[in-house]
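Please read them alongside the coordinates.

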Amino acid sequence: MSYSHRNKKKKQSCGNALVVTLLAMMIVAAFIALALDYTGGVSRNVQRSLIMRQAMNIADAATETAFASWRAICIANSATLAPTGSFFPTSKIATPTTSDFPGVKQYTLTNYRVDAADVSWKAIPAASPVPRAFGVNTSTFSYYYVGSADVIMPTISSKNPASATDKGNIIVHVRRVFEKARQPISNGMAWFKDDLEIHPGPPFLATGDVHTNGSLYTGHNSLTLSGNTTYSNLWSVGFKPSDSTHPETPTMPKWMAGKPVFQAQPEVPYGVDATDYHKLIEPISDTTDPLYPYTFANKADATKGSGAGVQVYIAADNSVTVYNEKGVKVTSASGGNDANLYNTITGALTTNETIIDNREGATTGNANIRVATLDVGKITTAISNNAVQIKTLPVIYITDASADANGITAKRAIRLKNGGWLPPGGLTVASGNPVYIQGDFNTGTIVTGTNPDGTLKLTNQPTSSDPTTPDPTKPTASNYTRQPAAVIADAVNILSNTWVDSKAGTVPAAINTTVNVAVISGNVPSGGGKYSGGLENFPRFLENWSGKTLTYYGSMLQLYPSEQAIGTWGSANVYSPPNRAWYFDTEFLTDPPPGIPYTVDYRRSRWYVQ
């Protein structure tokens, strides 16, 4: 082969190699370009995802700020149960600032507002009333509002960073449902505003829910909790530090499967975070007080509160003043239903009686309680005979205004007697004084006279009050329908069917008795080594109940410390405890007592993105 031919073939081989190399470089470059494009795309997607997450976080935080403002507005206007959407102009809703989101260079918050909503969570016109979403009864319901927050955040491809139409921007539309929930505090076995102690000796079953806004102290395994048991501060398997009457080693209570004790948010009566709920049973006149619309004196006055009833005031000279449901003073000369109302109340009321209360005497040195006795049976009869229009008597507020403020000298109280039958629709009796419930209450028992020893002759007793074999599963007579009822007072004492005033102070023997009523009462908190008496002694006693049974269907509610009945628990020569057949009245879930207080809870509900 000649040199020229070999050289020509060599040049051709080099050219082919160059082409292959160039092709290889082009392919690699293409792959690199694809890789760079893919990496850039991933980077952009990651960047957009991060920006999207930032936008969601900002919008979520904005709805939290809106919730706090909405809640504060609701609390400040607690008497307005269903404020309209116009109640929440944007100017009243605090807006988060850029300082709330350090590290975020730029964002735009739009459509930031709170709107009233219907039961399906759809915004309604500002001028429209907010509909109620009812629960198990007409006293349990919620109002709904929707908090809105739209957030716009720019990306590297944005042309107008604040524009909702710029496709380069990230835009999120976050919505949060706010719920204003209301329910009667009688929806459980026990509800305490302050610390709750439960230290029974014999086995004690707490049926229904139990809640305290304070701390819960349980120190005995004789206690069984069957409902939801909640506390807001702390739960201690032990005894309150200020209680030195329990030297024993504490033991764990029992609870039903799946219902352990747990912590929960405080529940606020009427949505008013007050320090002194005792005002609810006082005839306060300060219209600026946030509790003013809810006092039981005003509940009995349709022009001031939300109910209707009658107000009865007893003066130092035992004179009686009666006001109708409109807050108008009535007398026997008023005519019509007002005259009938006055005559019914005064005819059912006996003043200037005396009870010796050894618990009060042991603490204050004064055991003499001046009592005004209200014969509930006479009121029921008057209503049943149409002598008084029933619409005027769902709430009776009755108090002896001559009681002294410190609960030591001028001791006053109200007694409810002959309360076996209550008016259809139920009855709530409230007083700023202590109240003594004497005998079967809301059971169908009928008083037919008085025995020679002064005790009452009773017929139609429920089997739970049978003197020999009480059956707590039958707390009403067979021909009687239990009515929703409540007794609300500075303190509540229960006297048995055999109580006689002449034996007061001697710790007389009690007999089986049944009481079906919600009790809202004060207590004397543990302190100075003294025990409050706990839930097991929340109703107070003055008799020897040994071997006898108190059957109770209701709900026990503590809203304040007692201010008049300040005798501490645990003194000698006061009482021996009954066998406790105590049950939550489940009928309260569908038919709560008239005028019963309710709690308002402000909740964050569903969170979603539109």
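How many salt bridges does a search of the whole structure find? The search finds 18 salt bridges, a salt bridge being a side-chain nitrogen of Lys or Arg within 4 Å of a carboxyl oxygen of Asp or Glu.

1. Basis of the note. This is a predicted model, in which local features need pLDDT of at least 70 and side-chain atom pairs count only at pLDDT 80 or more, while totals for chains, interfaces and linings use all residues. Residues are numbered from 1 along each chain as its sequence is written, and side-chain values use heavy atoms, with hydrogens and water left out.

2. Overall make-up. The protein chain has 5 helices and 34 strands, where helices (H or I, at least four residues) and strands (E, at least two) are DSSP runs numbered from the N terminus. Of its 610 residues, 51% are buried; buried stands for under 20% relative accessible area, exposed for over 50%, and partly exposed for what lies in between (1.4 Å probe, protein chains only). The chain exposes about 26400 Å², of which carbon and sulfur atoms supply 55%, with areas taken from the Shrake-Rupley method with a 1.4 Å probe and, for residues, only the protein chains shown counting as cover. Among contacts (heavy atoms within 4.5 Å) with a separation of 6 or more, 69% are between residues 24 or more positions apart.

3. Because Glu179 belongs to strand β4 (residues 170-184) and Arg603 to strand β34 (residues 598-609), the pair ties together parts that are 424 residues apart in sequence. Glu179 counts as buried at 10% relative accessibility, whereas Arg603, at 36%, counts as partly exposed.

4. Asp195 and Lys240 form a salt bridge with their closest N and O atoms 2.9 Å apart; since Asp195 lies in the loop between β5 (190-192) and β6, and Lys240 in the loop between β12 and β13 (254-255), the pair ties together parts that are 45 residues apart in sequence. Asp195 is partly exposed, with a relative accessible area of 22%, while Lys240 counts as buried at 15%. Lys279 and Asp289 form a salt bridge with a closest N and O separation of 2.7 Å, and both lie in the loop between β15 (268-269) and α2 (296-299), 10 residues apart in sequence. Here Lys279 is partly exposed at 26% relative accessibility, and Asp289 is buried at 12%. Salt bridges also link Asp60, Glu64, Arg176 and Arg604 in a network.

5. The parallel sheet. Strands β6, β9 and β12 form an open sheet in that order, with parallel pairing, two strands being taken to pair if DSSP finds at least two bridges between them. Its edge strands, β6 (196-198) and β12 (235-236), each pair on one side only. Between β6 and β9 (residues 216-218) there are 3 bridges in the parallel sense, and Leu196 has Leu216 in β9 as its bridge partner.

6. Nonpolar cores. A nonpolar core is a set of buried Ala, Val, Leu, Ile, Met, Phe, Trp, Tyr and Cys residues joined through side-chain atoms within 4.5 Å. The largest has 116 residues, and Leu416, Phe441 and Val517 have the most contacts inside it; helix α1 (residues 3-76) supplies the largest share, 10 residues. Apart from this core lies another, of 10 residues, including Ile369, Ala413, Trp499 and Leu542. Leaving out residues up to four places away in sequence, Phe441 touches a set that includes Val376, Leu416, Ala485 and Val517.

7. A loop residue. Asn318 lies in the loop between β16 and β17 and counts as buried at 18% relative accessibility. Beyond its neighbours within four places in sequence, Asn318 is in contact with Thr351, Asn352 and Arg370.
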